[in-house]
Protein chains: 2
Amino acid sequence: VDVTDLIRGVLAGERRSVARAISLVEDGAPELAALSAGIFGRTGAAATIGLTGAPGVGKSTLAGELVRTVRLQEDRIAVLAVDPTSPFTGGALLGDRVRMQEHATDPGVFIRSMATRGHLGGMALAAPEAVRILDAAGYGRVIVETVGVGQAEVEVAAATDTTVVVLAPGAGDAVQMAKAGILEVADVFVVNKGDREGAGETARDVRQMLGMGPKRDWAPPVLMTTAPSKDGLGELWAAIEAHRAHMAATGGLEVRRWARLRGEVESLAAARFRTRVSEAFDAAPAIADDLAARRVDPYRTAAILEATVAAGD
Amino acid sequence: VDVTDLIRGVLAGERRSVARAISLVEDGAPELAALSAGIFGRTGAAATIGLTGAPGVGKSTLAGELVRTVRLQEDRIAVLAVDPTSPFTGGALLGDRVRMQEHATDPGVFIRSMATRGHLGGMALAAPEAVRILDAAGYGRVIVETVGVGQAEVEVAAATDTTVVVLAPGAGDAVQMAKAGILEVADVFVVNKGDREGAGETARDVRQMLGMGPKRDWAPPVLMTTAPSKDGLGELWAAIEAHRAHMAATGGLEVRRWARLRGEVESLAAARFRTRVSEAFDAAPAIADDLAARRVDPYRTAAILEATVAAGD
């Protein structure tokens, strides 16, 4: 890979370079440090939107509608659909991008499914790097769509400026949300398929759970949408814009972005250190033997390996 | 905390000491290294069973039935119900332990909900430490029950000798499972509420998805249970025992346990390093300024902080 050429292409907004760069992120390629250095100064302009919810609630359809809304305003927009990779096989499923095909030929729209195949820090580190590539390429809006409501999935969606949680009418969701810590990170709630039975109750449940939680300076609105009839889509976009304006006005946006960036750097350093510890482990069979025979406990073993790595510096 | 006394109590199987020790794990207390050193040599005997699935599929009820089965054999058993803590507020929900209350007065049964309030490595590190405490305390079987089917939740349940995935009849689950990497880690599948409509189809779907995956030396059985009528519960226990016997006979058990232990040590070292990087960050406002102003990119910043930490060694 010619990184200089790749950086030039990304900064020029060339689709092929952007796609290539995101593949490097997925692979955890050694070129990432140079790529990061080359584009970082040109990032920070994009408004990012996280979109999460259980499979089947209609996230992709909503993302498609948000894309349409943004394009009416002539802004460029990218959608990064994060497909969790199994940590056990390295395999990934591609999401259902079919519903966004109407935008496939629009040069102002970039849609990409992403998995991690080798990135050291997993999706939590890979997704923000991919977002920065899209940001540097001039996409003014970036939607990060994640599937699932587990802790890892919610964290990725929450690493954006505005986090939208999509629900379908029905019981159980509320408990699952609370378990995954979604109530705390959602800036906007959407009950999609609003024409179905139980939509009103689900919205009421969410409002009630929010009411029991701590007061925040931004009260997350709970909206209802019905994608086929476009009901509520204007309100959804307005809520996203209102949240962003609120965050910018209160300084919350800068605080949130800085916390994210700093956390990312710390995770990156920890992930690289872990690689070195693993190498030290490989090189010291006696340490492994002591651990395996339960003569030396995990804490002490970790300390010994840390010292081994430090001694190698 | 008198750690020597605590270690003695844990090794003697005293409930109060066990409860206290697990609280230390939740808090990420400084005494953990000493506690770990004191009990590690007395661990490794317990057979561990992971139990995971979406909220509402009946995991707690099944866990209660497994406890009853084990107690008929006069073995001591512990259930560790892992409630994911929101990483954002530190709050945790206690699971529904009500369904296991019939075992509350049995001295051979220990049931505990667990969250992480301060453990450096989050639940992925805290849960195995808690399991070792129960192991050292003489519980021959430890069930680790997690709620949810996200990546983090599945990983915790999979860090056991035998991973049981519980499903309810109904569509959608199969896709969610595949996304979360469950197919790869499940050793036994259970379709609970087997008397409900669609149970047979769900079992067939799972078998079909398993058939499309790679061949493994253990073919995970797909069972059906109906907890109230006790249908299928004997088969479930037999399947768990058969999996364990298979793993012991093939050497897979040792391989799996060693990979887990080694990964834990590496994660622990990485988590501790991250704390030191964070401290270095606090002590170097110029580094933070360069990152915030986007003059120095995250990779370079991480490298600078790593060098700062190394220089302090």
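1. In this predicted model, the side chains of B:Arg256 and B:Asp187 meet in a salt bridge, 3.0 Å from N to O. The pair ties together distant parts of the chain, 69 residues apart: B:Arg256 sits in helix α11 of chain B, and B:Asp187 in the loop between α8 (182-185) and β6 (188-191). B:Asp187 is buried at 1% relative accessible area, while B:Arg256 is partly exposed at 22%.

2. B:Arg262 pairs with A:Asp282, with the closest N and O atoms 3.0 Å apart. Each residue lies in the α11 of its own chain, so the pair joins two chains. B:Arg262 is buried (17%), but A:Asp282 is exposed (55%).

3. As for the rest of the charge pairing, the whole structure has 38 salt bridges over all chains. Have a look at chain A too, where A:Asp161, A:Arg244, A:Arg257 and A:Arg260 are linked in a network.

4. Now for α13(B), residues 298-312. The buried residues include B:Tyr299, B:Ala302, B:Leu305 and B:Val309. At the helix start, a side-chain oxygen of B:Asp297 comes within 3.1 Å of the backbone nitrogen of B:Tyr299.

5. One more to check: B:Glu65, in helix α4 of chain B, counts as buried at 9%. Its side chain makes a polar contact of 3.0 Å with that of B:Lys230.

Methods
Residues numbered from 1 in each chain as written. Chains lettered and ligands numbered in written order. Predicted model: local features only at pLDDT ≥ 70, side-chain atom pairs only at ≥ 80, totals over all residues. Heavy atoms only, no water. Buried < 20%, exposed > 50% of the residue type's maximum accessible area, 1.4 Å probe, protein only. Helix = DSSP H or I, 4+ residues; strand = E, 2+ residues; numbered from the N terminus. Polar contact = N/O pair within 3.5 Å; in protein donor to acceptor, adjacent residues only side chain to side chain. Salt bridge = Lys/Arg side-chain N within 4 Å of Asp/Glu carboxyl O.
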